[in-house]
Amino acid sequence: MTTIDRPRSRVVLSRVSAALGGTVLAVATLLTFVVGSAAADTVTASFSVEWTPREIAITPDGARAYMTNDFKSVSVIDMATNTVTATMSVGNTPIGVAITPNGTRAYVANYYSESVSVIDTATNTVSATIPVGGTPIGLAVTPDGSRVYVTNPYSTSVSVIDTATNAVTATDPVGIGARGVAVTPDGTRAYVTNAVDNTVSVIDTTSNSVTAIVPVGTYPQRVAVTPDGTRVYVVSDVDDTVSVIDTATDSVTATVPVGIGARGLAVTPDGSRVYVTNAVSGSVSVIDTASNTVAGIVPVGDDPREIAITPDGARAYIANSNVRSVSVVAIEAEIETPVALAGTPPAGVVDQPYNYAFTVTGSPIPTVRVTAGALPDGMTLSEQGVLSGTPTTGGAHTFTVTASSNGVGDDAVLEVTVDITAKPSAPWGSFAGS
């Protein structure tokens, strides 16, 4: 197998090749941080991940995100706590990920395995593996959830998967170095970037045939369609531009300069802005779609690759490849709300697992900690307000829990007493069985 590399002369730090291969190395875990109340387009949180992140897709309900990792796995992120709650093995070098409109399945493109893994989101297990073309990278699900379009750069093709059978039902020839793919909101067309040809192929999804070829910038990568379907935005990472295609004429109507190493992009649900990752600049450019000009630049982590926006349009999640972290950007200005803390933990039993979550509200997201007294031996309190562990000492344990938003507003304080009782002993002479 050969890979298609991009003709770029810049040294891009320690990035992997454009074919997205490379060796995965383990690194120490970074600390999660949350900053105070933020203006629009500000990083409000960052959290580390174990492996090199690639792409992120968010479930339609906004509760979870699925993120591909270089090391043959996909991580599940709890969007409420910004923590990884599960990791599952898939094929070799997973890159693209897309979730069905009903949120029941995630499809993952495995570059070196030349396959697509299907994840059941209810159980977070792989339910099927589908052979596709050479070195699949990008994929997109049609709005009705019936098909998945997968780009295969080595095969210069797009595989079409029927989601009812999880089988490839068509293969569409496209340009050389097919990368990104996006489907229009009405499901009638798929737009595919051809990195080596510097073009975009337009596929009629009814006939699965190419109906137009649109010249764009140099080495186009990702592509996104506005919610009203009138425009397509294409990012090109050699000339660092975003091309704007009018879907009525399938022609470029504007070209927007962005940061260095432009790689990924996403459109807000209201269509007002496009967020573009700049891998070399370590930033995100914010394009105002009304004027097609850059309205702001947000510094993020090192080597930001791909980006996903929550369904409510409130936040953007950016995968920072080199530092193995995810940056969270507030799209709108955060409204400060008072911190509140409530809860009455139940009694526990020595040597029995214990778990209780305090009710914590406020914006910015509060941090919870013990400020006086001591927890029962064997138990911990997370920054999110979860009291858990296995208590080892009986008695009444009194301590003070404080929730604060990093100096924004007043803290919320709660005095807590948790009774831990001794483990009941079995009556003398009792025995198991019947």
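Strand pairing and salt bridges in a predicted model

An open sheet of four strands has mixed pairing and the order 31-38-37-34. This is a predicted model, in which local features need pLDDT of at least 70, side-chain atom pairs count only at pLDDT 80 or more, and totals for chains, interfaces and linings use all residues. Residues are numbered from 1 along each chain as its sequence is written, and side-chain values use heavy atoms, with hydrogens and water left out.

Q: What makes strand 31 and strand 34 edge strands?
A: Strand 31 (348–349) and strand 34 (367–373) each have a single partner strand, so one side of each is left without a neighbour in the sheet. Strands here are DSSP runs of E with at least two residues, numbered from the N terminus.

Q: How do you know that strand 37 and strand 38 pair?
A: Two strands pair if DSSP finds at least two bridges between them. Nine bridges join strand 37 (residues 395–404) to strand 38 (residues 412–421), and the two run antiparallel; the pair therefore meets the criterion. Valine 401 stands opposite leucine 414 of strand 38.

Q: Why is the contact between arginine 54 and aspartate 70 called a salt bridge?
A: The term requires a side-chain nitrogen of Lys or Arg within 4 Å of a carboxyl oxygen of Asp or Glu. For arginine 54 and aspartate 70 the N to O value is 3.0 Å, so the pair qualifies. The two residues are 16 apart, with arginine 54 in strand 3 (residues 53–58) and aspartate 70 in the loop between strand 4 (64–69) and strand 5 (73–78). The whole structure holds seven salt bridges.

Q: Why are glutamate 306 and arginine 222 called buried?
A: Buried means under 20% relative accessible area (1.4 Å probe, protein chains only), with exposed over 50% and partly exposed in between. Glutamate 306 has 9% and arginine 222 has 9%, so both count as buried.

Q: What does the salt bridge between aspartate 237 and arginine 263 tie together?
A: The closest N and O atoms of this pair are 3.4 Å apart. Aspartate 237 lies in the loop between strand 20 (231–236) and strand 21 (241–246) and arginine 263 in strand 23 (residues 262–267), so parts 26 residues apart in sequence are tied together. Both aspartate 237 and arginine 263 are buried.
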